[in-house]
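Dear colleague,

Please find below the structure that I am handing over to you.

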Amino acid sequence: MQLERLIAALAPTDVVGRAAVEIRELAYDAREVPRGSLFFCIRGASADGHEYAADAVRSGAVALVVERRLDLDVPQLVVPSVRAAMPRAAVMFFDDPTAELPVAAVTGTNGKTTTAYLLWSILDAAGRKPGLLTNVERRVGDEARTVGLNTPESIDLQRLFREMLDAGNRACVMEATSMASVKGRLEGTRFAALVFTNLTQDHLDFHGTMDEYFEAKRRLFAQTACAVVNVGDEYGSRLAREIPDAVTFRPDDGLGGVELKLRGRFNLENALAAAAAARALGVDDASIKRGLEAVERVPGRFDAVDEGQPFTVLVDYAHTPGALEAALDSARELARGRVICVFGAGGDRDRVKRPLMGRVVNRLADVALVTSDNPRSEDPAEIAAEVAGGLDLDVELDRRRAIERALEQAREGDVVLIAGKGHEQGQEIAGRKLPFDDREVVRDALRRLRAPA
């Protein structure tokens, strides 16, 4: 594509150098710049892409999008905001893929991944050949891919949509996060349907207030042909009042004879969301039933680990007060004995929610072990103290040992909930990501418990 064509989409305030250059690819990471790229110099919280522009040119960038002129001998498009310009360029460069590819997205605090999996299964049962973008898995055509950002940067996202079309997908199901909304990653993406699951406290380190968090979700609905909203949620009810033609559902609605295999009351709510979105997309009830019943598990979401033990062990991604409450309520329904919970809070994230999480677990679990989650740059002991918030909660900072202790004291009929990390396969500690998978740690511990002395 000629750079001159992209100028029309970006409307730069200034063009430095000749615009008659062929653009073969778009890039924003100086470590990955294919030859012939237009490089976007994004200013981030910790790095400024302008500082890496020379490296990008040496790697093969033939033009730059900048917020200030640089002393480099390549064409430069000067714009007020590089981040705002990037999605406009991506949509044009990849030939507006969501004009052809119906995208069903799910936004909210809790339930996004499971709802996306259920909706994908429904569309698959209906023969719609859907692609999938979640923080657990990506599927393009018949290929499963590794996951990067939950909602990819706009260049990566539009490229994925185009690759889905080329691979034979005729729909896509994805998660749409509030951070992606604020950072413009979803600009230019057309949603055939957008689901709102719920809003509970999370990410206030980024958004500041619940109202700003809600606004990040709300603005996405300007991009959808159909809004699907949980009006059993306070913020969902508020959103539905602003969108008179929204398709609505409530957690106490029925599924019409569907035998849902996923356990937990909150998964009924996720299934209702997926079914409502599918109907809005014109899927018949028979396909909805087949699709919902086909999903036996979602990795790391109320995910049972069974090694023949006489108690239930569930690994779940719950890392907010609301998600913990829902998971513990569902664990209580399954338990014939006690509910034991291992949980923690991530470092360098919303600190306000930490004591709220501690209070939820203290109230709803019979036995609680506070442990390390992903401490990142923070001191795990200080995080645990904030989670405990003055409550008499047992603290075991070694996550492996905390899981082992929970399993060692579990008895027949108990439910052990390992919360916080779910599908994750690493633990982020002091700038390093160390291998750690809650499910594998549980399996190893259960096998040792069953081994003869």
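A salt bridge, as the term is used here, is a side-chain nitrogen of Lys or Arg within 4 Å of a carboxyl oxygen of Asp or Glu. Please note that this is a predicted model, in which local features need pLDDT of at least 70 and side-chain atom pairs count only at pLDDT 80 or more, while totals for chains, interfaces and linings use all residues. Residues are numbered from 1 along each chain as its sequence is written, and side-chain values use heavy atoms, with hydrogens and water left out.

Salt bridges

A search of the whole structure finds 40 salt bridges. Side chains of opposite charge can pair when their charged atoms come close. Helices (H or I, at least four residues) and strands (E, at least two) are DSSP runs, numbered from the N terminus. A residue is called buried under 20% relative accessible area, exposed over 50%, and partly exposed in between (1.4 Å probe, protein chains only).

One of the salt bridges joins E386 and R354, at 3.1 Å from N to O. This pair links distant parts of the chain, with E386 in helix α14 (residues 380-388) and R354 in helix α13 (residues 353-364), 32 residues apart. R354 is buried, at 0% relative accessibility, whereas E386 is partly exposed, at 22%.

A further salt bridge is formed by D394 and R405, whose closest N and O atoms are 2.4 Å apart. D394 belongs to strand β18 (residues 394-395) and R405 to helix α15, so the pair ties together parts that are eleven residues apart in sequence. D394 is partly exposed, with a relative accessible area of 32%; R405 is also partly exposed, at 23%.

Within helix α5, R159 and D156 are three residues apart, which means that about one helical turn separates them. Their side chains meet in a salt bridge (3.1 Å, N to O). Elsewhere, R297, D303, D437 and R439 are linked in a network of salt bridges.

Helix α15

Helix α15 spans residues 399-409, and its buried residues are R399, A402, I403, E404, A406 and L407. What do the buried residues of α15 pack against? Their partners are the strands β15 (312-316), β16 (339-343), β17 (367-370), β19 (415-419) and β20 (426-429), together with helix α16 (438-450); contact here means heavy atoms within 4.5 Å. At the start of α15, a side-chain oxygen of D398 comes to within 3.0 Å of the backbone nitrogen of R400.

The second largest pocket

A pocket is defined on a 1 Å grid over the protein atoms alone, as an open set of points where a 1.4 Å probe fits, with protein on both sides within 12 Å along at least five of seven lines; lining residues have an atom within 4 Å of a point. The second largest pocket holds about 1,200 Å³ of space, a volume being the space filled by probe spheres set on the points, which are joined across faces, edges and corners. Its lining has 33 residues, of which Y28, D29, R31, L149 and E153 are the closest to its centre. Helix α5 (154-166) and strand β2 (25-27) each supply at least two residues of this lining, and α5 gives the most, with five residues.

Residue N270

N270 is found in helix α10 (residues 265-280) and is buried, at 6% relative accessibility. Leaving aside residues up to four places away in sequence, N270 touches G111, T114, T115 and L118.

Yours sincerely

Key
A polar contact is a pair of N or O atoms within 3.5 Å; within protein, one must be able to donate a hydrogen and the other to accept it, and residues adjacent in sequence count only if both atoms are side-chain atoms.
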